[in-house]
Amino acid sequence: MPEHPSDVPPAIEATGLTKSYGDQQVLRGVDLTVPRGAVHALLGPNGAGKTTAVRILATLSTADAGTARVAGHDIRTARSQVRRAISLTGQFAAVDEMQTGTENLRMMTRLARHSRATARTRAAELLDRFGLTDAADRLVKTYSGGMRRRLDLAASLVGDPEVIFLDEPTTGLDPRSRAALWDVVRELSARGTTVFLTTQYLEEADRLADRVAVLDKGALVAEGTPAELKRRVAGHRLDLVLADPASYLRLASRATFSDPGTRTLGIPTDGSAAHIRALLDELDPTRTAISSFSVHTATLDDVFLELTRSPAAEQAHV
């Protein structure tokens, strides 16, 4: 993440954001601070309020209470300035399939009130930057899913935004296309663009984010670097394959990860031999319940499951 002087305000600063739709409270006093040039990931289960938070910060929706500044501008009193400083890319590519890649980018640049000459130059630059030059004159309907997403992201950058919101940008992409988009996000951050990312792929947040915020039922339940959040849950995870359904059910409440199909349970551990031996003796004193075990470093999946577990979810594990 690029360094910035301490007197430079954050790219995003929100305090006490709340939002309700009827009787349903979607956001419950959310606070966020995102430094300039950072990649900040917002994680949470479906319905946690991630998209609502993004819509409020992007001035597409209004909070019931709370304040926020994006790129130094108040989202209530300086909406037009905020919109000029940001870009928002949603879950699905919003490009015209009946135009070529070049035509899409020139159109978007002209809509941003740039000259025709600037539109030609900017389109060529972005096509090259996103590896689309060879497909520049093809209709977008002939593009692969990964190419469309890259074009969509290129279109969102025609105005060189200070802050870009990416709402689940790699949904539905194959691993190769996803990896290509990860490279783009890293490049954006390296150039000083602030990236606010929501994603359903925890590996994505782990690979890309400087900091991660976990949202559950409209409230932030944790925030920190990926490494800090992993240490909060456990440094490592002991995966146990249980010998029978009864043993699986008996130990399920101790697990932060569960796979009923393979009768696998993940138990937090510090990774030391002494702690692993103690856990095995405690969980399986007769040495008949556990068929096999393995140890691996905790992941954001472990963090996510531990921090967003509910009584209903725990019952589902059993």
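Predicted model: local features only at pLDDT ≥ 70, side-chain atom pairs only at ≥ 80, totals over all residues.
Residues are numbered from 1 along each chain as its sequence is written, and side-chain values use heavy atoms, with hydrogens and water left out.

Let's start on the inside. A nonpolar core here is a set of buried Ala, Val, Leu, Ile, Met, Phe, Trp, Tyr and Cys residues joined through side-chain atoms within 4.5 Å. Buried means under 20% relative accessible area, exposed means over 50%, and partly exposed is in between (1.4 Å probe, protein chains only). The largest nonpolar core has 30 residues, and Leu105, Phe130, Leu151 and Val195 touch the most other members. Helices H4 (116-129), H5 (145-155) and H6 (175-190), along with strands E7 (163-167) and E8 (194-198), each give two or more residues to this core. These labels come from DSSP runs, numbered from the N terminus: helices are H or I with at least four residues, and strands are E with at least two. A second, separate core holds 29 residues, including Ile56, Ala71, Ile75 and Val163.

Now for H6. This helix has 16 residues and reaches 23 Å from first C-alpha to last, close to the expected 22 Å; the expected span is 1.5 Å times one less than the number of residues. Its buried residues are Ser177, Arg178, Leu181, Trp182, Val184, Val185, Leu188 and Ser189. They sit on the same side of H6 because they cover an arc of only 160° around the axis, taken from the directions from the helix axis to the C-beta atoms. Pro175, Arg176 and Ala190, on the other side of H6, are exposed. The cover over the buried residues of H6 includes strand E3 (39-43), H4, H5, E7, E8 and helix H7 (202-208). After H6 comes Gly192, with a positive phi near 100°.

Strand E8 is mostly covered, with 5 of its 5 residues buried. Thr194, Phe196 and Thr198 point one way from E8, while Val195 and Leu197 point the other way. E8 runs parallel to E3, joined by 4 bridges, and parallel to E7, joined by 5 bridges; strands count as paired if DSSP finds at least two bridges between them. Val195 in E8 is the bridge partner of Val39 and also of Ile164.

There are open antiparallel sheets to look at too. E1 (residues 12-21) and E4 (residues 65-70) are joined by 5 bridges, and Glu13 stands opposite Arg69 in E4.

Another sheet has 4 strands in the order E12-E13-E11-E14, with a twist that averages 20° from one strand to the next. Angles run from 0 to 180 degrees between N-to-C directions, using axes fitted to C-alpha atoms, for helices over the stretch in contact. Strand E11 (residues 236-242) pairs with E14 over 7 bridges, and Leu238 has Val295 in E14 as its bridge partner.

Methods
Contact = heavy atoms within 4.5 Å.
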